[in-house]
Amino acid sequence: QYVPDFTFVPKTKEGVQSIVKWAKKQGKSIRVAGYKHSWENLFGAPGSVLISLLPLSITEDLPAKLPPRDLSNDFQDISIVGYDTDSTGKRTHALCRMGAGLTNEQLRRWSLRKSGDPLGGGDRLW
């Protein structure tokens, strides 16, 4: 069973950078995880650092409770960065950038919201 020496749950890219710099100075390896589906030793070394992109309450408590997106968390960000169009120029699909800590359910909920929603939305352009 893989058990890291340290577990961090950063919310920003700068937080991840700080952890990586610290781990390098300590001579520790790093594993980055979302839902942590695999805990075999292949995926982590003794004395390593785990960076979890999801809150531990989601990844360790079963069944997982899926909270709404944390808009202050860089890794749960979703934004439309462009559109595909058909031969007439009509928009057919949105092209999105998604954070690595976003769950499938959070993406689904976002996709079904209208763009004017306070939590943002994809206007069903998928």
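From the N terminus on, the elements follow the order β-α-β-β-α-β-β-α, giving three helices and five strands; helices (H or I, at least four residues) and strands (E, at least two) are DSSP runs, numbered from the N terminus. Please keep in mind that this is a predicted model, in which local features need pLDDT of at least 70, side-chain atom pairs count only at pLDDT 80 or more, and totals for chains, interfaces and linings use all residues. Residues are numbered from 1 along each chain as its sequence is written, and side-chain values use heavy atoms, with hydrogens and water left out.

Let's turn to strand β3, residues 49–52. Strand β1 (residues 6–8) runs parallel to β3 and is joined to it by three bridges, with F6 opposite V49. Strand β2 (residues 30–33) is also parallel to β3, through four bridges, and here V32 has I51 as its bridge partner. Two strands count as paired if DSSP finds at least two bridges between them.

Side chains in a regular strand alternate between the two faces of the sheet. In β3, V49 and I51 point one way while L50 and S52 point the other, and all are buried, meaning under 20% relative accessible area (1.4 Å probe, protein chains only). Across the protein, buried residues make up 29% of the 126 residues.

Finally, a look at contacts, which here means heavy atoms within 4.5 Å. Of the contacts in the protein with a separation of 6 or more, 48% are between residues 24 or more positions apart.

Definitions and conventions: Buried means under 20% relative accessible area, exposed over 50%, partly exposed in between (1.4 Å probe, protein chains only).
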